[in-house]
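Visitor: I have a structure open and would like to talk it through. Can we start once it is on screen?
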Amino acid sequence: MKFQSSVAVFAVCPFCRSTVVRKDVAIEQLGTMAELPPDLSPLQLGTRGTFDGQAFTLVGRVRLRWEEGSWTEWCAWFGDQRYGWVAEAQGCFIVSFEHAPPDDLPARDDLAPGSSLTFADRPYRVVDIKESTCVGSEGELPFVAAAGRKGVTVDCMGDGGAFAGVEYSDAGARLYLGRYARLEELEATDLRAVPGWTPGVETDARRGVTGACSCPACGAPMELRAAGLTMSAVCPSCGALLDTSDAQLRLIERAQNQQRIEPLLPLGSRGTLFGTPWEVIGFLERKDAYVAWYEYLLFNPWRGFRWLVNYQGHWSFVTTLLERPDTGPPDKDLRRVSFHGETYRLFARGGAIVTYVLGEFYWQTRVGETTYLGDYICPPRVLSSERYPELLEETWSQGEYLEPRAVEGAFAPSQPLPERTGVYLNQTNPFAESWRRVRWLAPLFTLLLLVIELVSAGHAARRPVLAGEFVYRAADTNRMVITEPFEIPGGRQALRFTSHAPVNNNWIALGLDLVNTETQQTRSLEQGIELYSGYDDGPWTEGRSTVNAILPAVEPGRYVLRIEPTADPGVVEMPYSVAVTRDVPVWSNFWLGLGALLVYPVYAWFRYISFESTRWAESDYSPLGQSKESEDES
Amino acid sequence: MRILRSYYLIWGLLVCLGVAAANHRGWSLLYSVLPRAWNPSTPGSYHK
């Protein structure tokens, strides 16, 4: 055997599976290592990649198992006495390097999820604590990784996807610092051909890769679609829950009586979303106190796992986050979450229970499993926190709303997908974009209009051209009055007619004819003056003793005003006055323009807020003042 | 949506220009859009 890395002290012979330990120049054989379970990982010994600009080669791997699953740690040789680890779990990768643990490293029993730790001047938060057992290894490793080696792993997350892992074992504590990464970021080459996915490697080969594929409960043939990367599967025939991390598909529990639910997207169907082909490998139904929804687990060997969440015809594409959003100080009532510059508002939280399971999953999910969920929305995105109290784990994921036709187009189900009903929590508000744009333009135009009107009003001359006082007498046979001529100079302009009469529980009406003395063109208007008052459950008045009217666009020229008064039959005599002012501002233009400017923004706002009201009616935390809680109380 | 913004931009500018022109000429846009029965003072009531 030839050791590639100078730091390797342990190796598994690729031919006979013998395990050897290097002691100086001597090699000591320990025993043999069982064959590792087959999997669909795209990585293999010899895979090359880069991390932060440094090239590495995968030279060994350790398969670790914990109570509810397993994961793989790949030993990456960076050369020059330096090695790191590429952890592969749930379809994502963590690249880390061993560091000397601080002197004040807390004991394992002093740590719990949520505990704060500081490594290399960087804050971390414990997210997961689990006991692990080495189930096998291959290649070269810098320590003796014999099967059965036990330890306690404490996983911590820091800002920006930073990762810290502390492994407590009989040999002491080891500290690993690094960060989360996607496979494409590692620029990996020399990847393994993945059966059923890599062109030329047919799906049938997958059966050979995954070994025994029959249900130990009922004997029905089974196909594992993400072997080695999933932890459990439910037999499609009998519903038994099987442990897929065990090459022999160990039976976890037999099926409980449950009504069969046919997924809208059958297991095994493939579709391309966001440019990546995905295969449906799992399906589950969850319920909270109010509703039920369905979750489809998608798998791609190079991209890992994603989820499609389906609720009443609505779909969301969900990705597990590699970094924790900014949730502010711990122990605070979390109503807002920040992530990548966006603020997400709490929509719902509470317990949910798994009520139906089918297919494969990367943890041992089963009917009756409860989780505590929190949904924070920033449509079309949603951030969801998922806490498994019994597993001491909290994960965050981000969902993006998908139009149903996008799902239908991608997976081409045999039956059309059901029409969506209602408004989903992260559904795109179709009026948000138009409202967002006009809500800035409308105030600008309103301001511009106001400036225009104020400038116009400021330039108006407001010159009186006529002021006359007259008397109405019922006894007169000819009550018509013709005023002295007056001049309207300049261009077209608006005239204001102001009439006044001391009316008191009666009325007088003035028929006004503005006559151009040169062209005899006449423009008419009528001004009614009335004022009534009385006492009905209190004093009241109605009407005015002075009225105004605007006559717009009057041509310049010489005019007389012909006045023909009529009055309440009870009026015998009443004085009245008429005044004419030229070049007055026309404020009705402003109000009409304002209405024309605001009609569409008001419509857009109404549609926008109606949509949001429907959305938030399903929430207990509505910012709009209405909520499911208040409806329930009513 | 970009088209909508353009339409609203054009509409807003037209409204502002229309009001500015009407003010300059002493027109009443309101009277010009009201039915004649409601507005005996429109230019249409010439030559009584």
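Visitor: How many helices and strands does chain B have?
Guide: The secondary structure of chain B comes to 2 helices and 0 strands. Helices (H or I, at least four residues) and strands (E, at least two) are DSSP runs, numbered from the N terminus. Before we go on: this is a predicted model, where local features need pLDDT of at least 70, side-chain atom pairs count only at pLDDT 80 or more, and totals for chains, interfaces and linings use all residues. Residues are numbered from 1 along each chain as its sequence is written, chains are lettered from A and ligands numbered from 1 in the order in which they are written, and side-chain values use heavy atoms, with hydrogens and water left out.

Visitor: What share of chain B is buried?
Guide: Of its 48 residues, 31% count as buried. Buried means under 20% relative accessible area, exposed over 50%, partly exposed in between (1.4 Å probe, protein chains only).

Visitor: And how much accessible surface does chain B have?
Guide: About 3,300 Å², with 70% of that belonging to carbon and sulfur atoms. Areas come from the Shrake-Rupley method with a 1.4 Å probe; for residues, only the protein chains shown count as cover.

Visitor: Switching to chain A. Is strand S24 mostly covered or open?
Guide: Mostly covered. S24(A), residues 370-378, has 7 of its 9 residues buried.

Visitor: Which strands pair with S24(A)?
Guide: S23(A), residues 342-361, runs antiparallel to S24(A), joined by 8 bridges. S25(A), residues 381-388, is also antiparallel to S24(A), over 7 bridges. Two strands pair if DSSP finds at least two bridges between them.

Visitor: Which residues stand opposite each other there?
Guide: Arg345(A) faces Ile377(A) of S24(A). Gly374(A) stands opposite Ser385(A) in S25(A).

Visitor: What sits between S24(A) and S25(A)?
Guide: The two form a hairpin with 2 residues between them. Pro380(A) is found in that loop. A cis peptide bond joins Pro379(A) to Pro380(A), with omega about 5 degrees. In general, most peptide bonds are trans.

Visitor: What about the second largest pocket?
Guide: About 530 Å³ of space. Among its 22 lining residues, Pro379(A), Ala432(A), Tyr608(A), Glu612(A) and Arg615(A) are the closest to its centre.

Visitor: Last topic. Which phi value does Glu187(A) have?
Guide: Near 50 degrees, a positive value in a residue other than glycine. Glu187(A) is in the loop between S13 (172-181) and H1 (204-210) of chain A. At 53% relative accessibility, Glu187(A) counts as exposed.

Notes:
1 Å grid on protein atoms, 1.4 Å probe; cavity = no way out; pocket = protein on both sides within 12 Å on 5 of 7 lines; lining within 4 Å. Points joined across faces, edges and corners; volume = space filled by probe spheres on them.
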